[in-house]
Amino acid sequence: MLTQRPRGTADILPGEVEQWQAIERIIRDTCAVYHYDEIRTPVFEHTELFARGVGETTDIVSKEMYTFVDRGDRSVTLRPEGTAGVVRAFVENKLYGSAQTVKLYYIGPMFRYEKPQRGRWRQFHQYGVEVLGAEHPAADAEVIAINVDLLRRFGLRDLTVELNSVGCPVCRPRHRETMLERLRPVAERLCGDCQQRLERNPLRIFDCKNESCQRVVAEAGAPTILESLCDDCRGHFEQVRAFLDAMGVPYTLNDRLVRGLDYYTRTAWEVTVPGFSSVGGGGRYNGLVAEVGGPETPGVGFAGSIERALLVLREQGAQLPDGAAMDVWVAVADETAEIAAMRLLQQLRLAGVRADRDYLGKGLRAQLKAADRVKARFCAILGADEVARGVVTLKDLTTGRQWEAAADEVVAYVRGGMQE
Ligand code: HAM
């Protein structure tokens, strides 16, 4: 046990961590391009926030939360997703006070007690954005666009945006009534889960993976929510689609798409690649800010996980960065050069040159091998002779050429400002 990490968690080791850094860099750069500011919220929150925000009947809240009572007898939960915490922070810090739309992004660990499997972890890292205070359908289109743009910039191919509208407090209750009317008489033909869904949240029946349930729904003539939208929701959805068309963001309609969180209103989507259910998804949540105790404020956002993005990239055979590059490996040919070597090493590093050395007291040949192993571009060799003459033997490890440089010219050589 002591040497085993908990199931569903991962150590991200050097060699792989560079891939994470590359992804995180793309997220930060892209969010800047779309004018989003970063927000960092706590990894745990009061349990009530997720119960109310994400919804008591969702799998996340009913089965998957890491909930515990702290030493002060409060129930707290490791965040299973990012939106509820961001909305809580928006309300608590009165970010609604600014006249502007608030556009935030986040990257961080989330926790769900799910059955670990391909692409499914118990600790995973979501990146996501939330736009608060914009009712305009252009905001939905922007969030879908950044969702797709990010995945493309990571290098993912064959993306599909599956798009739906899940209605609002006007059309949803009407749709629910029709669902109940049509499905109650045939309820015994639905699976046990769907029989419960019928009473609690009939929309979720469309999400059932059981083909027989889908057949029952079709035979009973139960309408999809997309067919049952009120005029406002229909108009909003048409505009979102028009914006997406104008922006060149392709999508397919999926009128069965129901996301696993209760806060969605109107636009909902998932981005898929062949062989993967979801590499990201999101939607509009116009009731969530008020649900959490803030003023009526519309919201729209999405999230994806770095784990799943990297998994798909690997399976699609994408080029991923490995190991950090090294500029100069400082090799110490004999003990009397130690002082000069440390002086040079520090000089290089203060100048922003990536440099390192061996600390195991190895011979010169082994030190040169180490330089190759870390893929250093140059090796700077210092022995008694070099120290006495104030020079360094520089070896270009890509060409194998070797020459002498004045000790204070090494930085210039490495930067390409001087040729041998
Ligand atoms: P979600 O669909 O539950 O939505 O999660 C978003 C993404 O996180 C998924 O598409 C998937 O890529 C990734 N993901 C979820 N669970 C796991 C897991 N166990 N292991 C690895 N990756 C996982 C949300 O969380 C919403 N907060 C998204 C949102 C933001 N909606 C509006 N704003």
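Helices themselves are DSSP runs (H or I, at least four residues), numbered from the N terminus.

Okay, quick housekeeping. This is a predicted model, where local features need pLDDT of at least 70, side-chain atom pairs count only at pLDDT 80 or more, and totals for chains, interfaces and linings use all residues. Residues are numbered from 1 along each chain as its sequence is written, and side-chain values use heavy atoms, with hydrogens and water left out.

Let's start with H1 and H5. From H1, we have Ile23, Ile26, Ile27, Thr30 and Cys31 meeting Ile146, Asp149, Leu150, Arg153 and Phe154 of H5. By class, that contact has 7 nonpolar, 1 polar and 2 charged residues. For those classes, Ala, Val, Leu, Ile, Met, Phe, Trp, Tyr, Cys and Pro are nonpolar, Asp, Glu, Lys and Arg are charged, and the others, Gly among them, are polar.

How do H1 and H5 cross? Their axes come within 10 Å and cross at roughly 140 degrees, with H5 covering residues 137–154. That makes H1 oblique to H5. On the cut-offs: under 35 degrees is roughly parallel, over 145 roughly antiparallel, 65 to 115 roughly perpendicular, and the rest oblique. The axes are lines fitted to C-alpha atoms, for helices over the stretch in contact, and angles run from 0 to 180 degrees between N-to-C directions.

H1 (residues 17–33) also meets H11 (residues 306–315), with axes that come within 11 Å and cross at roughly 115 degrees. So H1 is roughly perpendicular to H11. On the H1 side are Gln19, Trp20, Ile23, Glu24 and Ile27, and on the H11 side Ile306, Glu307, Leu310, Leu313 and Arg314.

Next pair: H6 (residues 171–183) and H7 (residues 192–200), whose axes come within 9 Å and cross at roughly 135 degrees. That makes H6 oblique to H7. Arg176, Met179, Leu180 and Leu183 of H6 touch Leu198, Glu199 and Arg200 of H7. Those residues divide into 4 nonpolar, no polar and 3 charged.

Now the ligand. Which residues come nearest? Of the 28 residues around the ligand, they are Glu81, Glu114, Trp121, Tyr264 and Ser278; being around it means having a heavy atom within 4 Å.

Tyrosine 264 has a polar side-chain atom 2.6 Å from a ligand nitrogen. Tryptophan 121 uses the backbone instead, with an N or O atom 2.8 Å from a ligand nitrogen. Glycine 119 has a backbone N or O atom too, at 3.5 Å from a nitrogen of the ligand.

Definitions and conventions
Helix = DSSP H or I, 4+ residues; strand = E, 2+ residues; numbered from the N terminus. Contact = heavy atoms within 4.5 Å. Polar contact = N/O pair within 3.5 Å; in protein donor to acceptor, adjacent residues only side chain to side chain.
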